[in-house]
Amino acid sequence: MDLTELTGMFLSYGEICDHCLGRMVGKRSFGLTNDQRGKALRISYYLARNEPYKPHEGICWICQDFFEGTGEWADRVVAALEGIEFSTFLIGTRIPPLMAEGEEMVWSDLSLSFAEPLKSEINREVGKAVAERTGKEADLSRPDVVLILDPVSGMVEVQVNPVFFSGRYRKLERGIPQTHWDCRICRGKGCERCGFTGKQYPDSVEELIGRPVVELFGAEGAVLHGAGREDIDARMIGTGRPFVMEVVSPRRRTIDLRTVEQEVNKQAEGRVEVSLSGWSRREDVETIKSDKAHKKYRILVEIDGPLSFSELKSALEALKGVTIEQRTPQRVVHRRADKIRERKVLEIELVGSGDDGFVIEVTGEAGLYIKELISGDSGRTRPSLAEVLGKPARVTQLDVLQVRGSAEE
């Protein structure tokens, strides 16, 4: 079927604008815009029939003459972006079902494989107009903001993509969880038990870092993604724990990270401090979550009954380099799968003692439960220090000294 005959079939469906006419063969020829292509098809059709040229009149039955308002839509987008810092953008459109069904009917009736969807042209044409008005660039893969056009309501929805930065945090105070915990009683709704805060703990590392971040970026929230997590009663000291911070819907994107670091450390002084290393991407969240980091701990151990230095050193030597079988500890089995895991003790040594007990440093593979390595957890961890000694032993204080990822091996 030649283009003249095909054009006649397109026109037989009803009034159609040049944009929609040109889109029907949009992937078949190049060098023209769809409206230019549609006008050329219309002119060629009437010339071939020796009939006077008839321009599009009335309302296009497919797009409802959407393209006559392209400039107005671009103005709405610009207005919706007021006060939001961005360098790149992407236009999207919610095509009304009747529009989509209309053009799909034509494609099906005429077996078209070279038509361009209405959504594609709207996104491109409005995007070009927005770029002209703002001086910003469209980015299909990693835009700062996404603008969703809704032809039914006439509204523009703004989706501000997050920014990410990375670093390490040190938790200097015990009793702080890494992330927000909802109150166990009310599940975040607020009750007398939690003082109507909805929180199990007053603060978290995530909130202590996140509050100044939200303020500086003008964001809706901040989500901390850590390389593992320490127990609530443990400190994270030494070199700190790697993390990526996701800044949700920021109205400002180019904040100096040194300023962010200083403000976090000022507001969380004595509780949490950060050292920021640079900007990150969403992919880095998956990397930091999946990285099996080795961890080094300093623990204070209490052992029942008399025990000499030499006896304890011998017991620790018996655990060095050993693969430990650990069934999910009783203290966390309510929220984790009850199964046996094998983890290796890489290093373990006695570094001191005092009235409160013995100070031991342990380096283990990711996922090694240190408290249970010492206590045995009623036989769920084997071997354990308590089993080797033949005496009850327990961790009374724990500090994480180092979290070393695979890239640092």
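Me: What is the relative accessible area of arginine 335?
Reply: This is a predicted model: local features need pLDDT of at least 70, side-chain atom pairs need 80 or more, and totals for chains, interfaces and linings use all residues. Residues are numbered from 1 along each chain as its sequence is written, and side-chain values use heavy atoms, without hydrogens or water. Buried means under 20% relative accessible area, exposed over 50%, partly exposed in between (1.4 Å probe, protein chains only). Arginine 335 is partly exposed, because its value is 47%.

Me: Where does arginine 335 lie?
Reply: Helices (H or I, at least four residues) and strands (E, at least two) are DSSP runs, numbered from the N terminus. Arginine 335 sits in the loop between β10 (323-327) and β11 (340-354).

Me: How many aromatic pairs does the whole structure hold?
Reply: Rings of Phe, Tyr and Trp (its six-membered ring) pair if their centres lie within 6.5 Å; planes under 30 degrees apart are stacked, over 60 edge-to-face, the rest tilted. A search of the whole structure gives a count of 10.

Me: Which geometry do phenylalanine 66 and phenylalanine 67 adopt?
Reply: Phenylalanine 66 is buried at 7%, and phenylalanine 67 is buried at 10%. Their ring centres are 5.7 Å apart and their planes meet at 80°, so the pair is edge-to-face.

Me: How many residues apart in sequence are the parts tied together by phenylalanine 309 and phenylalanine 358?
Reply: This aromatic pair is tilted, at 6.2 Å centre to centre and 55° between the planes. Phenylalanine 309 lies in helix α10 (residues 309-319) and phenylalanine 358 in strand β12 (residues 357-364). So the separation in sequence is 49 residues.
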